[in-house]
Amino acid sequence: MNPEQLDLRDAMEGVDEVDVVIVGGGPAGSSVATFLADRGYDVLLLERTSFPRFHVGESLLPMSQPIWEQLGVAEKLQHFGQTFKYGAEWRVARPAQDSEAPGYDKTCIRFHVVPRQSIGRRMYAYQVVRSEFDELLLRHAEERGVKVIEKASVTEVLFEDGTARGVRWSLRANEADAGSTFLTRARFIVDASGRSSLLARQLKLRLPDPHVRTAAVFGHFQGIDRERGIDSGNIILHFLEGSWVWFIPLRSGLTSVGLVANDPIHREWRQRRPEEILRTTIMSDPIMAPLFESAKTEGQVRAIFDLPYHSRKVAGDGWMLVGDAGFFVDPLFSSGVHVAFSTSQRAANAIDECLRKRSFQPLKHYAQWNRRYWQRVSGTVRRVYRLTRYRQAISFFVAVTGRYGNHWDNFYLRRINAWGLGAFDRFRLWLIGAWVFLDVLYLFGRLRHLLQGETGWESIRTKAAPTDQSQGAAAGGAVPEDALITSITARSEIDLQR
Ligand SMILES: Cc1cc2nc3c(=O)[nH]c(=O)nc-3n(C[C@H](O)[C@H](O)[C@H](O)COP(=O)(O)OP(=O)(O)OC[C@H]3O[C@@H](n4cnc5c(N)ncnc54)[C@H](O)[C@@H]3O)c2cc1C
């Protein structure tokens with residue numbers, strides 16, 4: 001696009017030309033904006049919605065603590081009134097023996113056993129209501145000098161001779177308003193637009209994951225019993241065949257519950273109500289059913305399809321992708337928000353260097369690091385999903401790590417735990433060792449399946465107890481249009497955010 005097309009005459013005062021434009025005000029956008037404003041840059045952040053707005057992704061990782069300290073929000077978060085998270089538990093049901101009640105194998109990673117140098121002085125994370133958490137971060141960015149404009153939707157990144165030079169955006173007072181269009185010129189554009197992946201779509205860089213094709217249904221519930229004492233804030237994951245369920249205890253007795261399933265488990269989900277899918281799956285598991293019996297839905301149960309994707313390129317002349325705009329793997333490790341913070345921290349360093357040196361060379365290192373980060377997380381997630389095909393394989397993994405993972409003297413597992421809690425760019429050799437272990441377990445499960453014809457899941461399924469909601473759907477009850485989110489389209493994005 002030539003310079004004449006960047007018509008600035010009608011632009012808003014003070015935003016016609018800035019150092020950096022950030023697209024999106026989620027954790028990635030607000031933190032990269034804060035880091036850059038702290039270094040004295042003139043930063044404009046454009047956010048499509050008006051905060052507070054709904055967002056999924058409530059379970060945070062302790063490895064974000066050092067970044068929160070650098071951002072200046074660690075203290076604020078400590079007094080923020082959200083649930084303290086000291087550990088994470090993974091469970092796999094065991095078949096009941098005769099009169100015995102059904103049991104489960106489990107592993108519970110406690111954050112205090114992770115090497116101290118990896119985690120910093122606060123050895124805990126939080127389970128947060130994202131609308132409140134994201135708003136805290138956005139207002140913090142404003143306090144640090146970032147100019148934030150809400151209800152401002154960026155429609156296009158503008159290029160001159162292959163270099164990003166500005167953005168076209170529109171401001172809408174309300175849904176009915178057609179909006180006024182503005183152009184802002186900038187020395188650098190950061191795309192932090194989350195799953196919308198504005199720039200990756202514009203440049204046709206976005207690719208689906210070739211191995212994992214997951215979908216999720218999730219909602220908030222009251223009346224779900226939780227663990228006692230220090231474990232009461234833990235996230236609990238229950239593995240099922242090719243899928244898993246999360247229980248995240250939030251404040252005021254609220255629990256976030258979600259089901260994530262790999263292909264082909266979710267193939268018929270688009271024809272069903274999200275709430276019916278969630279309830280039927282949970283009630284068919286002997287361990288989860290009693291937990292969920294008196295659960296009452298709060299708000300809407302939502303669905304999102306095609307979870308994993310990545311961008312072929314994450315940086316170019318004058319532009320960069322951070323957080324979900326660059327890649328998203330899976331909720332399995334609760335890694336998304338931590339990825340948003342760590343990519344933002346790295347991005348801010350690289351952008352600062354670019355602007356000071358007037359060269360885009362430093363972007364190369366960011367791109368290489370971002371790619372490695374994605375490869376390591378997605379390589380691990382893919383292997384865990386493969387294990388879930390065979391109950392004994394995932395059960396053995398959970399039982400062994402549960403038995404040995406929390407010992408201070410277990411040098412190896414402590415490092416693997418630290419990796420799983422967010423040190424995704426470290427412990428490479430240890431990670432390769434873990435991948436070999438996961439591959440061996442998968443082969444063992446597969447061999448057993450070939451010889452005995454069972455996956456091991458057959459023996460623990462109980463008959464699904466129909467719920468009020470599922471009876472309605474089964475009887476052909478109408479599925480409200482807004483209860484379904486289908487594929488990654490503009491519409492699914494709207495439902496995800498609200
Ligand atoms: C089912 C599911 C469960 C998850 N669970 C977890 C979890 O437990 N823990 C965890 O850490 N992560 C989880 N995640 C991932 C987590 O939600 C994301 O990784 C995280 O929100 C990424 O932050 P972000 O700032 O990159 O993007 P977002 O938080 O999505 O922020 C992007 C912002 O950009 C705005 N925007 C979009 N397009 C435009 C535009 N054109 N113009 C202006 N603004 C725009 C949006 O309105 C939004 O506010 C989960 C994800 C899914 C799908």
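**The helix up close**

Mentor: Let's start with H5, a helix of 14 residues covering 130-143, whose first and last C-alpha atoms are 20 Å apart, close to the 20 Å expected at 1.5 Å a residue. That expected span is 1.5 Å times one less than the number of residues, and helices here are DSSP runs of H or I with at least four residues, strands being E runs of at least two, both numbered from the N terminus. Keep in mind that this is a predicted model, where local features need pLDDT of at least 70 and side-chain atom pairs count only at pLDDT 80 or more, while totals for chains, interfaces and linings use all residues. Residues are numbered from 1 along each chain as its sequence is written, and side-chain values use heavy atoms, with hydrogens and water left out.

Buried residues in H5 include Arg130, Asp134 and His140 along with Phe133, Leu136, Leu137 and Leu138; buried is under 20% relative accessible area, exposed over 50% and partly exposed in between, with a 1.4 Å probe and protein chains only. What do they pack against? The partners of the buried H5 residues are helices H1 (27-38), H2 (65-71), H3 (74-78) and H9 (336-357), plus strands E2 (43-46) and E7 (147-149). After H5 comes Gly145, with a positive phi near 105°.

Elsewhere, take Val257, which sits in strand E15 (residues 254-262). Val257 counts as buried because its relative accessibility is 0%. Leaving aside residues up to four places away in sequence, Val257 touches a set that includes Phe218, Phe221, Ile224, Trp246, Phe247, Leu278 and Phe292, a contact being heavy atoms within 4.5 Å. Leu237 is 20 residues from Val257 in sequence, and their C-alpha atoms are 9.8 Å apart.

Next, the second largest pocket. Domain 1 (3-74 + 128-208 + 311-377) and domain 3 (378-452) both contribute lining residues, so the second largest pocket lies between them; the domain bounds come from an automatic or database assignment. Helix H12 gives the most to this lining, with six residues, and strand E4 (87-94) and helix H10 (363-387) are among the elements supplying at least two.

Zooming out, the chain has 15 helices and 20 strands, and 57% of its 498 residues are buried. Among contacts between residues at least 6 apart in sequence, 74% join residues at least 24 apart.
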